[in-house]
Amino acid sequence: MKLSTKGRYGLKAMIDIGIYAKEKPRSLKSVSKRLDISESYLEQLLSKLRKENLVKSTRGSKGGYVLAKDAEQITVGDILRALEGSLAPTKCSCETSGCNCTKCCGQNDSNGKCATKSVWDKMRNGINAVVDNIYLSELILDYEKVGNNNDMETL
């Protein structure tokens, strides 16, 4: 499984907002500049995160973005699923109903069951278990331990 820039940049943006928006909202422009992500792309990501109630935005000259909840309540899984959708490695192992194994695996046995579905389900469960047990607060603490050099490249 490979994450797109949506997931990678969105996670960096959430860490940045968690660090720099503790006292006041941070503008799209300031987050964009610190992370070296275009404002228009960042705005798309933050819009999705806002719809999932992970960030809040305020308008005006003193407006910007803040976390919608405490960083201790937001998981990496929440962020990635808001931006990427399901983290399942195949369509037949997605969490929603209506997934059809024949469309993604192309392999059915005589009982209509995919011989590899259990592998994809285990991978999905493993991925979800990992990302749902890493909290944004941990990433913020890790960043603060490394040093506050305004460089999010190491994350």
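Okay, some ground rules. Residues count from 1 along each chain as its sequence is written, and side-chain values use heavy atoms, with hydrogens and water left out. As the model is predicted, local features need pLDDT of at least 70 and side-chain atom pairs pLDDT 80 or more, while totals for chains, interfaces and linings use all residues.

On confidence, the protein averages a pLDDT (the predictor's confidence in each residue, from 0 to 100) of 87, and 81% of the residues score at least 70. Helices here are DSSP runs of H or I, at least four residues, numbered from the N terminus.

Now, how do α1 and α3 cross? Their axes (lines fitted to C-alpha atoms over the stretch in contact, angles from 0 to 180 degrees between N-to-C directions) come within 10 Å and cross at roughly 80°. So they're roughly perpendicular, a label for 65 to 115 degrees. In contact, meaning heavy atoms within 4.5 Å, α1 residues including Tyr9, Met14 and Ile17 meet α3 residues including Tyr41, Leu45 and Leu49.

Ile17 also turns up in the lining of the largest pocket, along with Lys22, Asp70 and Leu141, among others. A pocket is an open set of 1 Å grid points, for a 1.4 Å probe over the protein atoms alone, with protein on both sides within 12 Å along at least five of seven lines; lining residues have an atom within 4 Å of a point. Which element gives the most to that lining? That's α7, with three residues.

Methods: Helix = DSSP H or I, 4+ residues; strand = E, 2+ residues; numbered from the N terminus. Parallel < 35°, antiparallel > 145°, perpendicular 65-115°, else oblique.
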